[in-house]
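Where in a protein is empty space left, and what surrounds it? Rolling a probe the size of a water molecule over the atoms shows where empty space is left.

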Amino acid sequence: MAGYVIGVDLGGTKILTVLANLQGEIIAKKRSATKSEQGAEKVIDRILTTIDQVLADSDLTIDEIEAIGVGAPGPLSVKEGIIHHAPNLGWKDLNLKQLLESELNIPVFIENDANTAALGSKWFGAGKDKQNMIYLTVSTGIGSGIIIDNKLYHGISDSAGEVGHMVLDPESDVRCRCGDYGCWEALASGTALGRLGQKAVSSSSYSLMEELVDSTDQIDGAVVTEAAAQGDKTAKKILNQVTNYLGIGIANLLNILNPELIVVGGGVSQAGDIVLEPVREIALKRAMETPAKEVEIVRTQLGDNIGAIGAVAKALTQLGILN
Ligand SMILES: [Zn+2]
């Protein structure tokens, strides 16, 4: 079967659009700034421009495109293609599917970005040949996409996979952006690393973290992991605390879902083994024996392209080409 699909990764800071053949091989790629402060109409114009550009670069027309997949921040309704609430885009109840379909006259499929990353990993990354897996993104927050028997699990209102909001410490006074206290992402995300780093530096003696930044408020997850990698004691202590929570949360997921594979992506995972190794150890120790025995916990291999590759996988699964 000849034909092509387009995948769009719509993020708070950038839009990445790729054109791929039906085997999922990328033929053209275009990046644009999102500039959401200019309003939804302008953002949609920029999405359409990147689509025109990948078509031009591939000497194709929109008539040769079978479908478009879009990974977008949620919560959203997959079937209707409505983005209900995306604070980093400033969008509320925007029907992105309808808007794009009326411009392009081809089917457009909208999916939550953690879910598209899960699809990308499942079909084009570490999850090939795996039927039950979880993609876990650990960056400013923690999110996931859950694949059961080769299919994304959405739940009744497309909000499945909000693992970052399982409460791991009911006594915690750390408020999560969801309003609750002691959520996993409040304790174990890049944001948590940064918060703990800043607190440690302002309240204790010397740490290498101070030397890596101009001012304390610049200490983020990357600074903490870098200082820990260089042997800084304070940073190592913080990293231990956070990887402990990461491991415990993953152990909970292993006990509930018994997956074959957990793929970890997002900014915090880029620190590599200094994060992944303790997380693996704690997760496998804390989980029950049977689910711990089967699972592999790995870092994503798809890099920055994961969102766009996942959006391609979304289009190909909707077309029934991947199943
Ligand atoms: Zn929360």
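On a 1 Å grid over the protein atoms alone, a pocket is an open set of points where a 1.4 Å probe fits, with protein on both sides within 12 Å along at least five of seven lines; lining residues have an atom within 4 Å of a point. Grid points are joined across faces, edges and corners, and the volume is the space filled by probe spheres set on them. This is a predicted model, in which local features need pLDDT of at least 70 and side-chain atom pairs pLDDT 80 or more, while totals for chains, interfaces and linings use all residues. Residues are numbered from 1 along each chain as its sequence is written, and side-chain values use heavy atoms, leaving out hydrogens and water.

The largest pocket holds about 1,500 Å³ of space. Its lining has 47 residues, and Asn88, Asp113, Thr137, Ser139 and Thr140 lie nearest the centre. Because domain 1 (4–120 + 304–318) and domain 2 (130–300) both give residues to this lining, the largest pocket lies between them; the domain bounds come from an automatic or database assignment. Helices (DSSP runs of H or I, at least four residues) and strands (E, at least two) are numbered from the N terminus. With 5 residues, α3 gives the most to the lining of the largest pocket.

The second largest pocket has about 250 Å³ of space. Among the residues that line it are Ser139, Thr140, Asp220 and Gln270. α7 gives the most to this lining, with 3 residues.
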